[in-house]
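Please look over the sequence and the structure shown here, and then follow the explanation below from one feature to the next.

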Amino acid sequence: MDKQRLTLAVLTVVPLVVACGSEQAGGGSGSVAAERPVTGVDWSVKDITAHGTTTAAHGKPYLTFDAKTRKVGGRLGCNHVNGTATVRGGHITLGRPMTTRMMCDASLMQTERALLGLFNHTVGYRVDHDTLTLTSAN
């Protein structure tokens with residue numbers, strides 16, 4: 001089976017998290033970056049890579065993962081989405097999505113279809129400073 005690799009690189013838009021992102025090291029000789037959490041942050045989707053081609057996301061999509069409720073919510077480009085999400089050990093298991101049902105411009109719907117492809121699967125994640133990268137092998 002030919003596996004499609006879908007990668008999403010997203011940036012946080014929460015200014016408080018950015019402001020609290022580093023601490024002064026013991027002797028004042030430098031700083032140590034704090035690990036940015038995956039949960040409790042609004043992650044704006046910037047790019048989508050599928051089949052080796054990266055395209056800009058349209059419609060200001062974002063996802064927020066909540067560790068307490070084990071839910072994900074956000075916007076897919078056109079429609080809003082909610083679903084279950086379990087964040088554990090470098091992976092996020094996303095359940096069946098529940099969305100609003102609006103039709104929008106083709107570019108928004110393309111972004112939405114790509115993001116919906118993450119649901120009903122387990123995706124890998126990596127946090128690097130202000131960027132969360134989700135990787136799916138479906």
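**Backbone and disulfide**

His 129 is exposed, with a relative accessible area of 60%, where exposed means over 50% relative accessible area, buried under 20%, and partly exposed in between (1.4 Å probe, protein chains only). This is a predicted model, in which local features need pLDDT of at least 70 and side-chain atom pairs count only at pLDDT 80 or more, while totals for chains, interfaces and linings use all residues. Residues are numbered from 1 along each chain as its sequence is written, and side-chain values use heavy atoms, with hydrogens and water left out.

His 129 sits in the loop between E11 and strand E12 (131-136), helices (H or I, at least four residues) and strands (E, at least two) being DSSP runs numbered from the N terminus. Although His 129 is not a glycine, its phi is positive, near 60°. Asn 120, likewise a residue other than glycine, has a positive phi of about 65°; it belongs to the loop between H2 and strand E11 (121-128) and is partly exposed, at a relative accessible area of 49%.

The model contains one disulfide, a term for a pair of cysteine sulfur atoms within 2.5 Å. It joins Cys 78 to Cys 104, with an S to S distance of 1.9 Å, and links distant parts of the chain, 26 residues apart: Cys 78 in the loop between strand E7 (71-75) and strand E8 (80-88), and Cys 104 in the loop between strand E10 (98-99) and helix H2 (106-116). Because the torsion about the S-S bond of Cys 78 and Cys 104 is about 65°, the disulfide is right-handed. Cys 78 is buried, with a relative accessible area of 1%, whereas Cys 104 is partly exposed, at 28%.
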